[in-house]
Amino acid sequence: MIEQGEKLQKVLAQAGFGSRRTMEEWISAGRVSVNGEPATLGMRVVEGDLVRVDRRTIRVGEKEHAIRVLLYHKPEGEIVSRDDPDKRASVFDKLPKLRGQKWIAIGRLDFNTSGLLIFTTSGELANRLMHPRFEVEREYAVRVQGTMTDEQMKQVLKQGVELEDGLVKFEKLDDEGGEGFNHWYRVMLKEGRNRVVRRTFDALGLPVSRLMRVRFGIINLPSRLKRGMTAELGEGEVGQVLDWVGMTADEDETPKVAVPPAMHGRKAAGGRERTHTAGRKGGASIPRTSSGKSKTGVKR
């Protein structure tokens with residue numbers, strides 16, 4: 001660690017408390033102390049300093065506060081929340097326990113949607129992957145009741161579909177076939193509005209009977225990751241994700257970019273990825289991601 005230490009808001013963001021901007025607000029509000037003294041904006045901390053935020057305490061420089069990224073294959077029937085008045089099963093019940101940190105969900109999936117959920121201990125990383133200005137791609141396998149017409153496929157790609165909260169366009173739409181009344185599509189879009197995929201197909205008169213997220217940014221849902229299971233990215237894979245969003249574990253300032261830079265020559269949010277389909281017992285195939293990725297799902 002450099003002699004002058006690290007900016008306090010950066011250390012707190014990496015520990016999973018929230019984004020750097022949020023941490024600055026908390027510091028100004030008097031919610032943070034360092035070694036028993038009230039923290040101030042611009043303060044730097046060094047290894048061994050004791051930082052307290054409300055009732056939580058971390059020791060600066062402890063190894064367990066390195067940025068961690070966890071993949072979870074969410075099944076239907078779980079909520080992405082720690083607090084539910086109805087006491088339904090939560091995805092957070094399945095995650096490994098942390099000391100001095102917390103898992104932050106990168107985006108959400110609704111109660112009846114399955115597939116890839118990403119968690120991190122870094123508030124800064126979560127902010128970059130979720131903020132609309134970065135336009136990170138989300139890819140889904142969608143089964144609907146009925147079949148899209150050529151006009152409808154053109155509409156969602158070109159003109160868009162008007163919903164109550166604005167226009168929606170798909171960046172990519174592939175027909176994956178089907179049997180009987182059910183039909184599979186693979187869709188890709190660069191936003192995460194609440195239930196946006198379901199609402200778009202509903203507006204076209206095609207109710208969604210199954211929805212599964214298979215990719216978020218450069219991270220695919222690994223084919224070996226069964227429902228209800230987790231897989232943590234290794235240090236090298238975390239580094240690839242940080243590089244892709246234009247962030248390093250020891251940087252001081254947030255780069256002022258509108259879209260994450262390319263990783264190893266790949267396009268960032270707008271790149272097209274190769275895909276293929278894997279068979280599904282008893283019906284149409286569910287699209288799967290290509291083999292150009294690590295065991296835990298990060299594209300190489």
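Student: Which residues have the most contacts inside the largest nonpolar core?
Tutor: Keep in mind that this is a predicted model. The residues with the most contacts inside that core are Phe119, Tyr140, Val142, Met148, Val187, Val197 and Phe201, and the core has 32 residues.
Student: Which elements each supply at least two residues of this core?
Tutor: On the strand side there are β7 (69-74), β9, β10 (138-145), β11 (161-163), β14 (182-189) and β15 (208-216), and the helices are α4 (150-159) and α5 (196-203). Apart from this core lies another one, of 29 residues, with Ile104, Ala141, Met212 and Val245 among them.
Student: Now α5. Why is α5 largely enclosed by the rest of the structure?
Tutor: Because 6 of its 8 residues are buried. Those are Val196, Val197, Arg198, Arg199, Thr200 and Phe201.
Student: And what do the buried residues of α5 pack against?
Tutor: They pack against the helix α4 and the strands β10, β11, β12 (166-168), β14 and β15.
Student: Which residue with a positive phi follows α5?
Tutor: That's Gly205, with a phi near 80°.
Student: Switching topic: where is Ser122?
Tutor: Ser122 sits in the loop between β9 (114-120) and α3 (123-130).
Student: Is Ser122 buried or exposed?
Tutor: Ser122 has 0% relative accessibility, so it counts as buried. Not counting residues up to four places away in sequence, Ser122 touches Ala13, Gln14, Gly16, Ile67, Ile104 and Met247.
Student: How many residues apart in sequence are Ser122 and Arg68?
Tutor: They are 54 residues apart in sequence, and in space 7.3 Å apart, C-alpha to C-alpha. Arg68 also came up among the residues that Phe119 touches.
Student: OK, zooming out. How many helices and strands does the protein have?
Tutor: It has 6 helices and 19 strands. Of its 300 residues, 51% are buried.
Student: What share of the contacts with a separation of 6 or more comes from residues 24 or more positions apart?
Tutor: Those pairs account for 65% of them.

Conventions
Residues are numbered from 1 along each chain as its sequence is written. This is a predicted model: local features need pLDDT of at least 70, side-chain atom pairs count only at pLDDT 80 or more; totals for chains, interfaces and linings use all residues. Side-chain values use heavy atoms; hydrogens and water are left out. Helices (H or I, at least four residues) and strands (E, at least two) are DSSP runs, numbered from the N terminus. Buried means under 20% relative accessible area, exposed over 50%, partly exposed in between (1.4 Å probe, protein chains only). Contact means heavy atoms within 4.5 Å. A nonpolar core is a set of buried Ala, Val, Leu, Ile, Met, Phe, Trp, Tyr and Cys residues joined through side-chain atoms within 4.5 Å.
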